[in-house]
Amino acid sequence: MNSPVYQTVIIGGGFTGLFTALHLTHEHYLRSVILIDKNERFCFKPLLYEYFDGEMDTFQVVPRFSELLKGSGIIFVQDTVESIDLHQKAVKLASGNSYNYSNLVLALGSVTGYHQVNGAREYAFPFWTQADAIALDRHLRDCLQKAVQTEDIEQRRKLLTVVVVGGGPSGVEMAATLADFLPHWYGALGGNSTEIRVILLNHGKEILDGDINDPLRSIVEKELQKRTVPIEILTEAEATAVNSNTIEYKSNDEVKTLATYTTIWAAGTSTHPLIQDLPIPKEHRDRHGRPLVTPNMQLLDFPEVFAGGDCAAVQDNSLPPTAQVAYQQGANIAQNLKALALGEELKLAKVNIRGTLLKLGINDAAANLFNIFEVAGEPAHLIRQGTYLTLLPTPIHDFKATTEWVDEEIFHQHLDPQDVGKKVVQAVEIVGAGVVGVLVARKLLKMLGDEEKKD
């Protein structure tokens with residue numbers, strides 16, 4: 001008879017998985033913890049645009065798991081999960097290794113959803129990982145270099161046209177980022193930056209429709225037109241096929257074609273294949289195929305298994321697939337794992353939606369804070385940066401990244417040598433807000449003279 005295994009295996013090193021592991025360390029969890037992810041680095045996805053356009057460095061946005069988990073006691077395994085056997089409580093890896101568990105945490109997230117659009121998987125660029133950001137960066141630089149060297153007008157137009165598919169938050173943030181920095185790149189090469197075209201292709205009638213960021217739509221639409229090159233928004237335009245140098249879409253029952261060498265896919269996600277393969281009945285899944293979990297974050301059929309983030313849905317509680325939700329669920333799962341190990345009563349997971357933040361270009365953003373007030377422009381940018389920096393994993397990494405951001409954002413951009421006294425006071429206020437994310441809004445409102453607004 002086999003002796004019981006007392007170890008917890010976490011599959012997926014995104015927000016839910018990593019923060020479950022880190023919180024288990026803080027909770028002084030006595031069981032062995034193994035974190036498995038196919039990548040060497042954690043990817044702080046909300047800031048991947050800053051990494052992509054050079055505003056933030058590698059160590060800030062995509063730090064190594066080995067660095068983040070150093071001294072934590074968490075065992076990190078870089079490998080690809082091949083199968084999950086919920087009945088035998090075993091996880092098999094591509095390397096041939098396997099791990100048995102007493103408790104399992106499913107934190108696989110979701111995958112890019114191509115929705116059976118012809119050629120999308122082959123020719124469109126996803127934007128999900130560090131590797132995606134690097135591949136897109138190389139491709140765009142190559143396009144700009146070729147464009148500045150060609151005299152063929154049609155060829156140059158294709159090279160300088162970028163189509164972003166999907167008018168949700170990812171598509172909006174990508175289009176805004178590109179519309180600001182691509183003209184700078186091209187201008188630096190000697191090209192005419194006004195030739196750059198950024199087109200946002202949206203299936204629905206309105207961008208951000210049905211998304212948690214929906215209240216920000218009017219602000220977003222105005223800010224998108226303020227970019228270095230205004231963004232062309234095509235609504236009720238359904239992508240139907242992607243090729244190496246064109247994208248086809250249907251609008252008003254007519255198929256139209258855009259000539260472009262760059263199509264970026266931001267048209268939603270799909271359930272992770274490993275999650276689809278789990279032996280969970282259809283009635284215990286949501287309409288997207290994600291397994292339902294109890295308010296304690298446990299699978300209905302396998303209570304020793306916890307799941308959170310994009311790969312699970314809480315019963316009778318619709319939550320947006322955002323970093324703040326996944327982060328809080330990681331903390332909740334860790335608390336319940338400890339309670340389970342100690343034979344204590346599990347607690348209901350609580351998630352507080354603190355607002356929404358959208359990057360809308362370089363030094364620009366929109367923020368809806370606590371559903372009380374909205375901010376746009378550079379103040380929203382500072383709120384967004386400060387808030388996300390406080391979520392960066394581990395205090396040491398948080399401090400290091402924050403000091404870099406403070407140095408760049410405050411002392412290089414906001415201090416005027418001719419007016420040092422006044423600006424230092426403002427800088428100190430912003431620095432405090434950057435380090436303590438929840439105070440960002442209050443400090444900036446004070447700077448803006450809006451002292452009547454309350455939390």
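Colleague: Which residue stands opposite Val242 in S13?

Modeller: In this predicted model, Val242 faces Ile247 of S13. The two strands involved are S12, residues 238–242, and S13, residues 246–251; they run antiparallel and are joined by 4 bridges.

Colleague: How many residues lie between S12 and S13?

Modeller: There are 3 residues between them, and the two strands form a hairpin.

Colleague: Let's turn to a helix. What should I keep in mind when reading H12?

Modeller: The general idea is that an α-helix has 3.6 residues a turn, so residues three or four places apart point the same way. Here, H12 covers residues 378–391 and spans 20 Å from its first C-alpha to its last, close to the 20 Å expected for its 14 residues at 1.5 Å a residue.

Colleague: Is H12 mostly covered or mostly exposed?

Modeller: Mostly covered, with 10 of its 14 residues buried. Among them are Ala380, Ile383, Arg384, Tyr388 and Leu391.

Colleague: And how many disulfides does the structure hold?

Modeller: A disulfide is a covalent bond between the sulfur atoms of two cysteines. This structure holds 0 of them. As for individual cysteines, Cys43 is buried at 12% relative accessible area, and Cys143 counts as buried too, at 4%.

Colleague: Zooming out, what does the protein chain look like overall?

Modeller: The chain has 15 helices and 22 strands, and 51% of its 455 residues count as buried. Of the contacts between residues at least 6 apart in sequence, 64% join residues at least 24 apart. The chain exposes about 21,400 Å², with carbon and sulfur atoms supplying 48% of that area.

Definitions and conventions: Residues are numbered from 1 along each chain as its sequence is written. This is a predicted model: local features need pLDDT of at least 70, side-chain atom pairs count only at pLDDT 80 or more; totals for chains, interfaces and linings use all residues. Side-chain values use heavy atoms; hydrogens and water are left out. The expected span of a helix is 1.5 Å times one less than its number of residues. Buried means under 20% relative accessible area, exposed over 50%, partly exposed in between (1.4 Å probe, protein chains only). A disulfide is a pair of cysteine sulfur atoms within 2.5 Å. Two strands pair if DSSP finds at least two bridges between them. Contact means heavy atoms within 4.5 Å. Accessible areas come from the Shrake-Rupley method with a 1.4 Å probe; for residues, only the protein chains shown count as cover.
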